[in-house]
Amino acid sequence: MTREQLQFLDRELQYQQERGVISEEQKLQMLTDYETKQGLSFIRIMLTIGALLVGLGILSFIASNWAELGKAAKLSIILAVFLGAMLASYQISGPYPKTSKSLLYIGVLTYGAGIFLIGQMFNFGGHFTGAFLLWALGAFPIAALFRDKLVYLFTCVLVIIYVSGYFALDGYPYMILALIPALYYCNRYLDHSRMILFFINLITLDAVLLLTHVLDMDQFYIGLLFFGLGLALYYLPLKMNTAVYRLQGTLVMGVAGLFLTLPEMWRGPLYPGLQLDLAAGRLASSVFAVALMIYLLYLTRKENLTALVFICAIIFRYYVDTFIDFMPKSAFFILGGLLLLGFGYYFERLRRKKGGLGVGQ
């Protein structure tokens, strides 16, 4: 909770204690179940930026003198910087936790740079995805050991790059089948971080999308698959981090649904023996769009403001598709701008009315 929310709760519980509804012991017990949300710390921001600058400086020095250094010297510098940063981070983690984190970031950056530099040194070759996988496999235990959310989040980004790189290759990164469960499991030790959970779900969705690419699925079935995955995420019967799943479910369902409103998506074979022409594709996509709009309006009535964004996106898509070839360009842009301004005003008004809540619900 924010500090203001915790103070408000304290006042309310004090009022209930004075009324005799709860005892002082019960009040204190209730307050201990909450903690103040940690905002951005100036010291931590300064130390993090300093760590990035130091890390970039070390890499720049190594790169500029790379040709003059021998292989033993190159390897020694990389190992010395990495092990020195990690050891120093561990040693001062108690008295100076923020400085310890900065040294940890230097170690993680040096480790990743060392992978690329050593690969270049010994001419290992191969696709860049292998280097990002090794970087993620090294950063993952560091994030778990030091319980650092920023390193964990960085690990998720590395895994996304690793998976996405396979879109240009013939094959599938089967290592992801072990990485994804491990990422979900270890997130428990970081107090079920919602931001990290969002990125792990994104990795899973990226892996599913890659599988459809490997299987050469038709775009129509891909759209239907992700629309179904969005619905599944939204309606998962979970007690913890429900807002994350509902937000991500709405995003996936909305993006997939937006693509399914395109007539071109319906012109492929719906099932063996049935092929839709352009007119039938337009009719099918229009029926789907109407049904999707009704469903999104239903979600909006349940205070899901993300659904409202996709309602606006669908309306604007049909506006562009219908009028771009018939209206003068100036009138088209003016009317389109007014339409977006109206959407923005309505969205802000509704958000203020709801107090900023319900975005992913």
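**Salt bridges, a buried serine and a helix pair**

Biologist: Is aspartate 148 buried or exposed?

Modeller: Aspartate 148 counts as buried, because its relative accessibility is 1%. Buried means under 20% relative accessible area, exposed over 50%, and partly exposed in between, with a 1.4 Å probe and protein chains only. This is a predicted model, in which local features need pLDDT of at least 70 and side-chain atom pairs count only at pLDDT 80 or more, while totals for chains, interfaces and linings use all residues. Residues are numbered from 1 along each chain as its sequence is written, and side-chain values use heavy atoms, with hydrogens and water left out.

Biologist: With which residue does aspartate 148 form a salt bridge?

Modeller: Its partner is lysine 101, and the closest N and O atoms are 3.3 Å apart. The two residues are 47 residues apart: lysine 101 belongs to helix 5 (residues 97-121), and aspartate 148 to the loop between helix 6 (128-146) and helix 7 (149-164). A salt bridge here is a side-chain nitrogen of Lys or Arg within 4 Å of a carboxyl oxygen of Asp or Glu. Helices are DSSP runs of H or I with at least four residues, numbered from the N terminus.

Biologist: How many salt bridges are there in the whole structure?

Modeller: The search finds two. Lysine 27 and aspartate 10 also meet in a salt bridge, at 3.4 Å from N to O. This pair joins helix 2 (residues 24-31), which holds lysine 27, to helix 1 (residues 3-18), which holds aspartate 10. Lysine 27 is buried at 11% relative accessible area, whereas aspartate 10 is partly exposed at 30%.

Biologist: Turning to serine 285, where is it?

Modeller: Serine 285 is in helix 12 (residues 278-301). It is buried, with a relative accessible area of 1%.

Biologist: Which residues is serine 285 in contact with?

Modeller: Apart from neighbours within four places in sequence, serine 285 contacts Leu260, Thr261, Leu262, Pro263, Trp266 and Tyr318. Contact means heavy atoms within 4.5 Å.

Biologist: And at what angle do helix 10 and helix 11 pack?

Modeller: Helix 10 (residues 219-234) and helix 11 (residues 242-260) pack at about 155°, and their axes are 7 Å apart. Axes are lines fitted to C-alpha atoms over the stretch in contact, and angles run from 0 to 180 degrees between N-to-C directions. The two helices are therefore roughly antiparallel, a term for angles over 145 degrees.

Biologist: Which residues meet there?

Modeller: Among them are Phe220, Phe226 and Phe227 in helix 10, and Tyr245, Val252 and Met253 in helix 11.

Terms used: Parallel < 35°, antiparallel > 145°, perpendicular 65-115°, else oblique.
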